[in-house]
Amino acid sequence: MSYEPKLAAALSGATLRQLSHWRRATGERGAVLVPEISASRPILYSFRDVVALRACVRLREEASLQKIRRALSTLREGLDEREHLSAYRLVAGGDTIYLADPDHAVDLVRSKGNVVIHDMVDVLAPFYRGGRRIPDLLEPRPHVSIDPAVRGGEPVVEGTRIPATEVAALLRDGVPPEQIGDYYPGVTAEAARDAADFADYVDSYEDAEIRQAAS
C-alpha cells in the first residue's frame with residue numbers, strides 16, 4: 001500500500017504545501033523527508049513515511065523548520081544514523097531538538113551532550129493542529145483502522161479487509177448506510193458512516209489547498 005500526498009497529509013497533519021516543501025533540499029541541508037516509494041510523479045508515501053511526517057508536524061509546533069533541518073543533518077551526517085526517520089524518536093524542547101530514548105537524549109542542534117527527557121510524545125496518538133483534530137494513525141475513525149499487515153496499511157473497515165474508500169464511494173453514490181450490508185455483509189451502517197466521514201476528512205485537505213491557491 002502506498003499513500004498519495006492527500007492521504008499522507010490527512011493522516012499526518014501536514015499540508016500538501018508542506019509535503020512539497022519538505023521533499024526538497026534547501027541549501028546545504030537535505031530534504032526533511034523524501035517519499036521512499038516514489039519521490040517523482042506519482043508521488044507515493046509509505047506507512048513509515050506517514051509516521052515520520054507526524055513526528056515532523058509535532059516538531060514544527062515547537063521548532064522552526066531551520067532547526068528541524070539542522071537536527072536531521074546532525075542525525076544523518078554527524079551521528080551517521082541512516083535508518084528511516086520513523087525509527088527515531090525526536091523531541092522538541094528548550095529551544096532545541098533531541099534524539100531521545102526512554103533513558104536519555106542527545107541534543108541535535110546545540111551539541112551539548114546527553115540530557116534526560118521525561119515527556120515523550122506518542123506520534124501515533126491523536127493531536128490538534130490549527131484547530132483541526134489529527135486522528136489516531138491506527139484508528140482514524142472508530143470503525144476505520146490502519147494496519148500495515150492488512151492490505152499494506154490501506155484504511156479499511158475495522159475487523160475486515162474492506163477498503164474504507166469503497167464503502168464511502170457507495171454512500172456518495174446514494175446508497176443509504178443501512179443498505180451497505182447488502183454490498184458488504186458485516187459492514188454496519190455506523191461503520192459505513194465512519195468510512196464516509198473519514199473520506200470527507202481526507203478530501204478536506206485537497207479542498208483547503210484549492211481554496212488557498214484561489215485566494
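The accessible surface of the protein amounts to about 11,100 Å², and carbon and sulfur atoms account for 48% of that surface. The model is a predicted one. The points below are grouped by topic, from the whole chain to individual residues.

**Overall make-up**
- The protein contains 7 helices and 8 strands.
- Of the 215 residues in the protein, 45% are buried.
- Among contacts with a separation of 6 or more, 53% are made by residues 24 or more positions apart.

- Helix H1 spans residues 5-12 and is mostly covered, with 7 of its 8 residues buried.
- The buried residues of H1 are Lys-6, Leu-7, Ala-8, Ala-9, Ala-10, Leu-11 and Ser-12.

- Gly-186 lies in the loop that joins helix H6 (180-183) to helix H7 (189-214).
- Is Gly-186 buried or exposed? Gly-186 has a relative accessible area of 67%, and it counts as exposed because the cut-off for that class is over 50%.
- Between Gly-186 and Val-157 there are 9.8 Å in space, C-alpha to C-alpha, while the two are 29 residues apart in sequence.

Technical notes. Residues are numbered from 1 along each chain as its sequence is written. This is a predicted model: local features need pLDDT of at least 70, side-chain atom pairs count only at pLDDT 80 or more; totals for chains, interfaces and linings use all residues. Side-chain values use heavy atoms; hydrogens and water are left out. Buried means under 20% relative accessible area, exposed over 50%, partly exposed in between (1.4 Å probe, protein chains only). Helices (H or I, at least four residues) and strands (E, at least two) are DSSP runs, numbered from the N terminus. Contact means heavy atoms within 4.5 Å. Accessible areas come from the Shrake-Rupley method with a 1.4 Å probe; for residues, only the protein chains shown count as cover.
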